[in-house]
Amino acid sequence: MSNVVVRRAKRAAAGSARLWEASPLTYIMLIFTIALSIFPLYWMFVVATRTNDVVGAVPPPFIAGQHLGENVTRVFETEQAHFARALVNSAVASAVVALSTVFFCSLAGFAFAKLRFSGRNALLLFVIATMMVPVQMGIIPLYMVMVKLHWTGTLQAVIVPFLVTGFGVFMMRQYAAQAIPDELIEAARVDGASTFRIFWNVVAPALRPAAAVLALFTFMQTWNEFIWPRAVLNPNNPTVQYSLALLNNAYSNDYTLMFAGTVVAIVPLFIVFVIFGRQIIGGIMEGALKA
Amino acid sequence: MGLDLRSAPTRAGGTGARHASPARGRARLARLDIKFSPYLYISPFYVLFLLFGLFPLGYTFWISLHHWEIIGDHEFIGFTNYTRLLTDDQFWNSVENTFAMFIIATVPQLLLALWLANALNRKLRFPTVFRMGVLLPLVTSVAAVAIVFTQIFGRDYGMANWFLHFFGVNNIEWQANKWSSWLAISTMVDWRWTGYNALIFLAGMQAIPRDLYEAAAIDGASRTQQFWRITVPMLRPTIIFVSIISTIGGLQLFTEPLLFNSGHMEGGTLRQSQTVAMYMFENAFNRFQYGYGSAVAWMLFLIIFVFSIINFLIIRRLAGGIK
């Protein structure tokens, strides 16, 4: 009798393990998908390492050549693109926006999660609502604001409007709400610590994992921003994405030049991704769970 | 400082009166701190959003009610810009393109992402490697991707045509026709976003209790049946979230079609792939008709709003109906 029960339980356990096993077909399809993901990037790299005579080649080249350095040099020497300056601009803008976003969003997230004040829920609802607004559609007057401020063509035009985001505030609030016990804050209060001291010494260290993810996201987002820099900056002081478009417009037949440019533009993101890929994936998946 | 606050009263005695006033001052400061710090901490977001988000959006509406160009008077003309838009073929053309690409891109993208998430949800070796693999396209920059794909879809030497010629298809000039340019641009969008959406679906799938599947398996439900009867209905909130995000993003499509047409805001000689966002940009920054461009922006805003809601309703019904 008990024998039957054990056997049945064993069978159920084996069944449930088998239920989640990936079949070889799943592996094959997944590997195929990933190959599709990588292929355009691989091909970009291949063309960037060749000379322009590969352009008409049939079949197209699939193996890297030896002219990457030469092509990259040509990118930096292309006057219309201002590529070196664009790299510096993008690095500065992305770093400043990322740091500031993390600071202000942590501060606001902490306030929403752990401090009591009247109107808190309504104000938080407002933050969430702003995430649904396509702010891009306001670029015409935003541009006029920049004209009034004499900021067109300057780097602060692509920095200041993005120093803190609704998405970031919400994300940090969600994390702070579950990561920081109320007792910790009350204990610090009893010790007479000011609110900012509590934030700086108690809350900020606990928020570090979420802050890192937010910083990475923001950095990548700013680095990839295109429409607004294209509208507000001058062609002689662009960001990387804008510079790529300039390169594309000026030499749309010089494939190796353009592809070398795209390779350089992607390298910083690629490095970030290789180092922090696990955290980025965790951040996306956690954010999805809470949304 | 913290210690002082508590010890001051206990020291009391003759000096009590002298100590009381700074202590009270400090207590008042602490009260102010507790009362106003929260507002101070959340204020940067509101200040910035009002200044660079809400004000521009509202001001866009105000401008759209004017005949407003780079020079000259700003004449108030009510809704004339909007009535003009309703009979503007170029505007409707851009609406058609935007919706066509939105549908061609989003429907297969979400189905593919669902399938991909289901595969990633299996017990895999090296799960992180697979997840990073599908997310890789997202961390590349839009402009770079657009440039590479534009070459892949080149008429004479493009890899897409080279591949298709094995199937007897003659060279396609992808930019030349509506359908071909829609397909090419949608491919770029899907390549970039499918993996990201798959990860969001995957997160939702992992929250579904596993005993549900075990019970279904014991009842003899196949994997396909489990997928449609358990996974999809349980995933409804995530599906709604992803669809709305895709709607907001998809209807604002801009960079991919712009670079696909070598930076020409018209989206091709016959405007084959000009989106609404591009048409707005063209009016405002190429023709300097800020008033008219702003009307386009508000129409787009309305369209996005309405479609997010329709989307929500459809998916709620669809995903709920499969039970």
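This is a predicted model: local features need pLDDT of at least 70, side-chain atom pairs count only at pLDDT 80 or more; totals for chains, interfaces and linings use all residues.
**Notes for a first look at this two-chain model**

1. Reading from the N terminus, the elements of chain A follow the order α-α-α-α-α-α-α-α-α-α-α-α-α-α.

2. How far can you trust chain A? Its mean pLDDT is 85, and 90% of its residues reach 70 or more. Confidence in chain A is highest in helix α4 (residues 83-114), at a mean of 94, and lowest in helix α1 (residues 2-20), at 63.

3. Next, the fold of chain A. Of its 291 residues, 40% count as buried. Among the contacts in chain A with a separation of 6 or more, 74% are between residues 24 or more positions apart.

4. How many residues does each chain bring to the contact between them? Chain A gives 80 residues and chain B gives 79. On the side of chain A that touches chain B, helix α14 (residues 255-290) of chain A supplies the largest share, with 14 residues. That side of chain A is made up of 57 nonpolar, 20 polar and three charged residues.

5. The largest nonpolar core has 155 residues, and the members that touch the most others are A108(A), L214(A), F201(B), V296(B) and L300(B). Helix α8(B) contributes the largest share of this core, 15 residues. As general background, nonpolar side chains tend to be buried together in soluble globular proteins.

6. Finally, have a look at a pair of helices in chain B. Which way do they cross? The axes of helix α5 (residues 127-135) of chain B and helix α8 (residues 178-206) of chain B come within 7 Å and cross at roughly 135°, which means that α5(B) is oblique to α8(B). From α5(B), the residues R131(B), V134(B) and L135(B) meet G195(B), Y196(B), A198(B) and L199(B) of α8(B). By type, the residues of this contact between α5(B) and α8(B) are five nonpolar, one polar and one charged.

Key
Residues are numbered from 1 along each chain as its sequence is written. Chains are lettered from A and ligands numbered from 1 in the order in which they are written. Two residues are in contact if their C-beta atoms, placed from the backbone, lie within 7 Å. Helices (H or I, at least four residues) and strands (E, at least two) are DSSP runs, numbered from the N terminus. Ala, Val, Leu, Ile, Met, Phe, Trp, Tyr, Cys and Pro count as nonpolar, Asp, Glu, Lys and Arg as charged, and the others, Gly among them, as polar. A residue is buried if 20 or more other C-beta atoms lie within 10 Å of its own, exposed if 12 or fewer, and partly exposed in between; C-beta atoms are placed from the backbone. pLDDT is the predictor's confidence in each residue, from 0 to 100. Axes are lines fitted to C-alpha atoms, for helices over the stretch in contact, and angles run from 0 to 180 degrees between N-to-C directions. Angles under 35 degrees count as roughly parallel, over 145 as roughly antiparallel, 65 to 115 as roughly perpendicular and the rest as oblique. A nonpolar core is a set of buried Ala, Val, Leu, Ile, Met, Phe, Trp, Tyr and Cys residues joined through C-beta atoms within 7 Å.
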